[in-house]
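Student: Please take me through one part of this structure closely. I would like to see how the chain is divided and how the parts meet.

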Amino acid sequence: MDPDSTTTVEQKDEIEAIEIDLLLDGIYRRYGYDFRKYASASIRRRIWKFAEQEKLATISAVQEAVLHEPSMMDRFVLSLTVNVTTMFRDPAFFLALRTEVIPILKTYPMIRIWDAGCATGEEAYSMAIVLKEEGIYDRCRIYATDMNEDVLRKAKTGIFPLSHMKEFTDNYIQSGGKNSFSEYYTAKYDYAIINQELRQNIIFAQHNLVTDKSFNEFNLVLIRNVLIYFNEELRGKVLDLLHESMASFGILALGKRESLKFSRLESAYEELDSAMKLYKRCA
Ligand SMILES: C[S@@+](CC[C@H](N)C(=O)[O-])C[C@H]1O[C@@H](n2cnc3c(N)ncnc32)[C@H](O)[C@@H]1O
């Protein structure tokens, strides 16, 4: 008898859910990457996209391939995470940083900033430019972290396609940039190399928000377009980690897609900007 003919849609969904659980459990045990509490609809879509790319017919086949071949796992991590980013992404966010956050940072002798989920580094370099223009870059250290080593390798080079400069420049202008954006890079062939000066106070390092611990205390923590990929429980856990890593009166910058509303930390922060979700720790 053809087993398919007796398998209902509900049963197929249940089998798929079991396969996804087994795959994510296996990856956690084999490699330490923990995707078990990522938002389920998006993780499911991405697993199937990966299966198609690798010409694997089932999620169980993905499990076998990924567990046995570390190079397959590298590709899997890349396809499971969204690494899209740009310089001065959401220019209004950087404008709000300039007006609401920089004046607070200026009162500190030394400023530690954590850019969590920095992808290929554009956000950290944008931050460096803002700090430079505001005259406090020399007092700042930006710790830019991501779980993905591949994107970090790119971030560290500070080299971006020249074709991206038009978009970066437009964003920079809208974000309240004070100079000519072209002063911040050197064009060579098809690439733009970010000035060494902007790179020297940024420390790029691997850090997994799900499995790694707090590693310092920060005056400003940026985490944009990262929490959206987690389920509610994991979002809460990661926000706790960021809170543990926050200095007194530190600033939490979530960006326009996230919020502290309904989180258990809501009362521990004062809202500085309701649109860009900038918060200041109350004590
Ligand atoms: C869409 S990018 C956001 C980049 C930048 N923050 C921005 O807003 O343009 C999301 C990044 O989060 C990273 N990420 C996802 N899960 C993570 C985790 N558990 N720990 C650290 N980084 C993670 C991904 O690797 C990816 O580079």
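Tutor: Domain bounds here come from an automatic or database domain assignment. On that basis the protein chain splits into domain 1 (3–80) and domain 2 (91–281). The model is predicted: local features need pLDDT of at least 70, side-chain atom pairs count only at pLDDT 80 or more, and totals for chains, interfaces and linings use all residues. Residues are numbered from 1 along each chain as its sequence is written.

Now the two domains. Their centres, taken over C-alpha atoms, lie 31 Å apart. Domain 1 gives 10 residues to the contact and domain 2 gives nine. Two residues are in contact if their C-beta atoms, placed from the backbone, lie within 7 Å.

Look at the side of domain 1 that touches domain 2. Helices α3 (40–53) and α5 (70–80) each supply at least two of its residues. Helices are DSSP runs (H or I, at least four residues), numbered from the N terminus. The largest share, three residues, comes from α5. By type, this side of domain 1 holds four nonpolar, three polar and three charged residues. Ala, Val, Leu, Ile, Met, Phe, Trp, Tyr, Cys and Pro count as nonpolar; Asp, Glu, Lys and Arg count as charged; the others, Gly among them, count as polar.

The ligand comes next. Its shell has 21 residues, and the closest are T85, G117, A119, M147 and N225. The shell divides into 10 nonpolar, seven polar and four charged residues.

How values were computed: A residue is near a molecule or strand if its C-beta atom, placed from the backbone, lies within 6 Å of it.
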